[in-house]
Amino acid sequence: MAKVYLSAAAHATDNPTKCPTKCGENVHCKAYMDIVEHRLCELGVEVKRSFKEQTGDAAMRNRVAEANAWGADIYYVAHTNAGGGRYSMTMCYPDKPSIAKADVFHKYRKCVKSHTVRTRTDLYEINATKMACMYDELFFHDNAEDCKWFHNGGMELLAEETVQALCEILGVTYKAPSTADSKVKELEARIKTLQSENDTLKKTVNTLTAKINNAKNALQ
Ligand SMILES: [Zn+2]
Ligand SMILES: [Zn+2]
């Protein structure tokens, strides 16, 4: 079974964002990672994501140590960026296999205007992991428009693209989430229709019963 270790941004002091409601980089990266985790599990990928409440260097060290001991196939990191840009970026170590994997992220990252692959050798999680580390900077959280987008469906789009990329990298068959979801929605709509039809029938029965009672009374 394919094994992925997930590490959402956990800054010692959370970075303020331009989100529509009170938020933070740690806060919305955690929410994003919840979706990635849920979807990967659904698709049969083995996922580990520990030290969720820890922050700073301790969180990174514990997570990397656990991923290395566990023997994850991929270590996936998600942050959001600051500094005035409007692009998405996947960072990795500058070895060929890592770059090839980051290129798969590039292929699937379509919900943002532009996406770039960058190699880094100065980030702890990229350096200390034994397996390939894919380090996403999803979007810029100092751009109010992009923050609004993220919190109005963008987060789900980013997560699904990430899941597609990870599936391809791991050789796992990808299935869109819509099948089960749309079935449930279809059935819920049918229940609503049946309930309103039932209400109409009840009203008709009540009206007819009243008429019968009136007729009976008239006969007496
Ligand atoms: Zn946010
Ligand atoms: Zn960050």
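Q: Before we start, what puts two residues in contact here?
A: Two residues are in contact if their C-beta atoms, placed from the backbone, lie within 7 Å. Keep in mind that this is a predicted model.

Q: Okay. Which residues does A78 touch, leaving out those up to four places away in sequence?
A: A78 touches A8, A9, C29, Y32, M33, D136 and L138.

Q: Where does A78 sit, on which strand and which side?
A: A78 is in β3, on one side with I74, Y76 and T80.

Q: Which strands pair with β3?
A: β1 is one of them: 5 bridges join β1 to β3, and the two run parallel. Y5 has Y75 as its bridge partner in β3. β6 also pairs with β3 in the parallel sense, over 7 bridges. There, N81 stands opposite F140.

Q: New topic. How many residues are in the largest nonpolar core?
A: That core has 44 residues. V4, Y32, I74, Y76, A78, M134 and L166 have the most contacts inside it.

Q: Which elements give two or more residues to it?
A: The strands are β1 (3-8), β3 (74-81), β4 (88-92) and β6 (132-140). The helices are α1 (25-42), α2 (56-70), α3 (96-108) and α5 (144-170).

Q: And which gives the largest share?
A: α5, with 10 residues.

Note on methods. Residues are numbered from 1 along each chain as its sequence is written. Chains are lettered from A and ligands numbered from 1 in the order in which they are written. This is a predicted model: local features need pLDDT of at least 70, side-chain atom pairs count only at pLDDT 80 or more; totals for chains, interfaces and linings use all residues. A nonpolar core is a set of buried Ala, Val, Leu, Ile, Met, Phe, Trp, Tyr and Cys residues joined through C-beta atoms within 7 Å. A residue is buried if 20 or more other C-beta atoms lie within 10 Å of its own, exposed if 12 or fewer, and partly exposed in between; C-beta atoms are placed from the backbone. Helices (H or I, at least four residues) and strands (E, at least two) are DSSP runs, numbered from the N terminus. Two strands pair if DSSP finds at least two bridges between them.
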